[in-house]
Amino acid sequence: MLIVSRRKVLEGANLDEKISELLQYYSPVNLTPSSQVNKIKAIKRSRWILSRTSRVGLQNANFHELVRCSLTLVYYFGMRLKIGRPGYHYWNWRGRCHFKRAEEIFHQAMENLLPERIEETIRVTLGFISEASLWPYESFVQQIFEILLYYGQGKSAVFHLMLSDIHCVLFTDVVSARHRTRVLYELLRSENWIMDKNELLSLIIRFLNFFAYSISKGESEFSLYKHLRKGFEVCLRRIFERAENHHKLTIIATMMNWFYVVNLTDDDMFEFSSLLDYAARMYQVKVYSESFCEGLFDHVLKNLVGSPNALYSLVGSRLLVRFLDRQTNAQYLAVPAIYYDFSQVELKVGVYDSGDKAFIREYREKFHSYFLEAVKRHCYSAVNLKAVFAAIGCIVLEVPCGLTAAVAACMAMVVQDYAINAEHVPARCRYWMHAIVVSVMSLVCWVHRAPDLYRYVNRIVSTRAKEAPQLNPPLTKIYSVEKRIVWNKPTLFFEDWELRYGLWKHFQGTPLFVCVAVFLGLLVANVEGRTKKVVIHVPYKVKKLKHTHTIYKTVHHHHTHHDHVDHDPTAEEHEHFHHFHVHDDSPIGQHSQPVGGIGIPDFLPDTPLEVDDLPKLRHNELSRNPPRLVIPPYKRHYNVGPK
């Protein structure tokens, strides 16, 4: 009868005793050749223990000495192989065999312990690396943590524990803390790290807190963090690069929430804005209505663009440019210029999309309100005015339709009115605002190729070039204007009715005609001027019957730059319509009702929409299907791996 002997399974106190006996074999942790015999015995004892224990039994045992033993063996035989004797092939072959066995033991131990006991394993590993002074060998340490990430199923516990270790070591050894930081931002590029939404947000907040400590000025308990500022910045940038596109929007929303809660100085805000700008640049925007979570634009417009702080407003305007600029036109909109019809500029006009138009229509009122608020509050800063111009230019270029043309023209006319009539505004700031206005209007003409509007804009530009060149771009710090020159003549500025006619003339007969209605209603509400009688011959089409309306409209203006005419200020506007048929046939019939006036459409709100706070991020925004893990390059090709 054949008797099969069963292996005795180590567990409980017996397993703890066998693991504790490893200390006498693998110590000391150094590279002396005299200890090689004991290290080889440690390999044999470790393999014997791992072959006679179960996964659950090893996790319940005191496994710290086993982890330290496996790390010591990998370090000893790896370093001895690196500094081996050149030309001694037998010695090198034996060294490679020992290193391969030590590596097998380390992988087998990690496979049995992780991911259930990942935190304890990481703490033991950090302690061993610090005790052996291995942090200067950054590549070797990085490979060790790559294996921990692989068997730990890509969890972010490695990064959290390394950040805590950096925080503890920084106050005693800055050089070692910098080594740890370099290992950390190299690990952030690992393909074995799986980005989970909940872990990602908490990790981003910790990095932002450390980065805020590093950019703070003055002497404080966190002043030593300034030595790690670049390292933390690289870590955050690596996270932006690795994250998927929908994760990037979550990161941006988290950064904005963190920024709004934490009080930063202007200098700190300048440093932080570069990170926020980089994150927004990495985010790939498609259709506006589908690319932004609810409340994000409200937060940017209300708390940043419309902020009384000039730096906050500048950051908000630049952030909007990053969000809206899909054709990479921002670099060409940095400086306001005049765009002639023959100008050969590298601007790219986007493709019209109804979803983009609906998005602009939804936020039109807020764009108008907060952009004008930014101009009025920060007109003393040319940088802020340029940022607002770039944002308006992106809207016109990315969504080429009559709605955006009317919105841009309306904002330009209100800015012109403020530049003319505002009190206690320096002359230089008035020149800047007038230059922004003509730049916006010339850009609208260039995008839509509107000949009638182009002729009017070119006439204003030419008149200014002769009589008041300071009203045209570029924006300069010093203007040499002769006192005898009068620059506030009516012929130097845009007339609202001329712009209305130019826009209407270009978009007539198209579904975009309603956009001119937006412009008309807004100008009636926002712009005042002198009294004059405007005769507009409006081509009108009803089915196959073509005729012309002649509209006589009396409008009262009150601009300070016009010659005032005596009139009754309480007089109302009157419209008279006379029909003249342009075809030879006799008219079939008369209109029973006169043509109605153009007002603000129903889709425009009477009051600005209320801005809600940024919503809390939902747990189901991130994918629950992690990518398949890849064996790290440190692992050799042999039949040892995760089950």
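At 44% relative accessibility, R449 counts as partly exposed, a class that lies between buried (under 20% relative accessible area) and exposed (over 50%), taken with a 1.4 Å probe and protein chains only. R449 sits in the loop between α21 and α22, and its phi is positive, near 50 degrees, in a residue other than glycine. The model is predicted: local features need pLDDT of at least 70, side-chain atom pairs count only at pLDDT 80 or more, and totals for chains, interfaces and linings use all residues. Residues are numbered from 1 along each chain as its sequence is written, and side-chain values use heavy atoms, with hydrogens and water left out.

**The chain as a whole**

- The protein chain has 24 helices and 3 strands; helices (H or I, at least four residues) and strands (E, at least two) are DSSP runs numbered from the N terminus.
- Of its 643 residues, 51% count as buried.
- The accessible surface of the protein chain comes to about 32200 Å², and 52% of that belongs to carbon and sulfur atoms. Such areas come from the Shrake-Rupley method with a 1.4 Å probe, and for residues only the protein chains shown count as cover.
- Among contacts (heavy atoms within 4.5 Å) between residues at least 6 apart in sequence, 76% join residues at least 24 apart.

- Helix α5, residues 64-82, has 19 residues and reaches 27 Å from its first C-alpha to its last, close to the 27 Å expected at 1.5 Å a residue. The expected span is 1.5 Å times one less than the number of residues.
- Because 14 of the 19 residues of α5 are buried, this helix is largely enclosed by the rest of the structure.
- Helix α7, residues 118-131, has 14 residues and reaches 20 Å between its first and last C-alpha, close to the 20 Å expected at 1.5 Å a residue.
- The buried residues of α7 are I118, T121, I122, V124, T125, L126, F128 and I129. An α-helix has 3.6 residues a turn, so residues three or four places apart point the same way.
- S133 follows α7 and has a positive phi, near 55 degrees.

**Helix pairs**

- Two packed helices are described by the angle between their axes and the distance between the axes. Here axes are lines fitted to C-alpha atoms, for helices over the stretch in contact, and angles run from 0 to 180 degrees between N-to-C directions.
- The axes of α10 (residues 174-187) and α12 (residues 229-242) come within 9 Å and cross at roughly 10 degrees. That makes α10 roughly parallel to α12; angles under 35 degrees count as roughly parallel, over 145 as roughly antiparallel, 65 to 115 as roughly perpendicular and the rest as oblique.
- In this pair, T181, L184, Y185 and E186 of α10 meet G231, F232, V234, C235 and R238 of α12.
- Helix α10 also holds H179, which is buried at 15% relative accessibility. Leaving aside neighbours within four places in sequence, H179 is in contact with W135, P136 and E138.
- The axes of α20 (residues 402-421) and α23 (residues 496-507) come within 11 Å and cross at roughly 170 degrees. The two helices are therefore roughly antiparallel to each other.
- G402, A405, A406, A409 and M413 of α20 make the contact with D496, L499, L503 and F507 of α23.

**Cysteines**

- The structure holds 0 disulfides, a disulfide being a pair of cysteine sulfur atoms within 2.5 Å.
- The sulfur of C429 is 5.0 Å from the closest cysteine sulfur, in C379, which is too far for a bond.
- C429 is buried, with a relative accessible area of 2%, and C445 is buried at 0%.

**A buried asparagine**

- N384 lies in helix α19, residues 382-398, and is buried, with a relative accessible area of 7%.
- Not counting residues up to four places away in sequence, N384 touches A310, S313, L314 and H378.
- N384 and L314 are 70 residues apart along the chain, and their C-alpha atoms are separated by 5.4 Å.

**Loops and backbone**

- A cis peptide bond joins S27 and P28, with omega about 0 degrees. S27 is found in the loop between α2 (23-26) and α3 (36-51), and is partly exposed, with a relative accessible area of 28%.
- The C-alpha atoms of S27 and R68, 41 residues apart along the chain, are separated by 9.8 Å.
- The peptide bond from P473 to P474 is cis, with omega near 5 degrees, and P474 lies in the loop between α22 (451-467) and α23.
- H424, in the loop between α20 and α21 (427-448), has a positive phi near 60 degrees and counts as exposed at 72% relative accessibility.
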